[in-house]
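Please view the sequence and the model together while reading.

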Amino acid sequence: KEMNNPVAFMLFGLLLEESFANHGKPFELPTRDLMQIPGLTNATRLRAQLRKLAQCGLISITARSPRPMLIRVPLAL
């Protein structure tokens with residue numbers, strides 16, 4: 001609500017759904033699916049939105065270069 005950003009809201013909803021599907025365990029970021037959201041057409045915009053969600057405490061990100069990052073949604077527990 002504080003972010004007032006519809007793209008971040010849709011992104012968080014998808015991440016929350018993915019977290020429920022994985023029973024609250026960390027999961028690899030489904031980049032292909034997320035790039036279909038209007039406003040997230042490139043990786044830079046996606047990473048920026050993920051950083052905003054992480055700064056608000058809604059998700060946690062674990063970098064695993066060169067493998068895809070792991071996402072955890074604490075609210076899904």
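With which side chain does the side chain of Glu 28 make a polar contact? The partner is the side chain of Arg 64, at 2.9 Å. A polar contact here is a pair of N or O atoms within 3.5 Å; within protein, one atom must be able to donate a hydrogen and the other to accept it, and residues adjacent in sequence count only if both atoms are side-chain atoms.

## Basis of the model

The model is predicted: local features need pLDDT of at least 70, side-chain atom pairs count only at pLDDT 80 or more, and totals for chains, interfaces and linings use all residues. Residues are numbered from 1 along each chain as its sequence is written, and side-chain values use heavy atoms, with hydrogens and water left out.

## The sheet

Three strands form an open sheet in the order β1-β3-β2, with antiparallel pairing. The edge positions belong to β1 and β2, each with a single partner strand, so one side of each has no neighbour in the sheet. Helices (H or I, at least four residues) and strands (E, at least two) are DSSP runs, numbered from the N terminus, and two strands pair if DSSP finds at least two bridges between them.

Strand β1 (residues 27-28) pairs with strand β3 (residues 67-72) over two bridges, in the antiparallel sense. The pairing of β2 (residues 60-64) with β3 is also antiparallel and runs over four bridges. A hairpin of two linking residues leads from β2 to β3. Within β3, Ile 71 is the bridge partner of Ile 61, and Arg 72 stands opposite Ser 60.

## Glu 28 and its surroundings

Glu 28 lies in strand β1, and its bridge partner in β3 is Leu 70. Apart from neighbours within four places in sequence, Glu 28 is in contact (heavy atoms within 4.5 Å) with Arg 64, Arg 67, Pro 68, Met 69 and Leu 70. Glu 28 counts as partly exposed because its relative accessibility is 40%; buried means under 20% relative accessible area, exposed over 50%, and partly exposed in between (1.4 Å probe, protein chains only).

Pro 6 is 22 residues from Glu 28 along the chain, and the C-alpha atoms of the two are separated by 23 Å.

## Arg 64

Arg 64 belongs to strand β2. With neighbours within four places in sequence set aside, Arg 64 is in contact with Glu 28, Met 69 and Leu 70. The polar contact of 2.9 Å with Glu 28 joins the two side chains.
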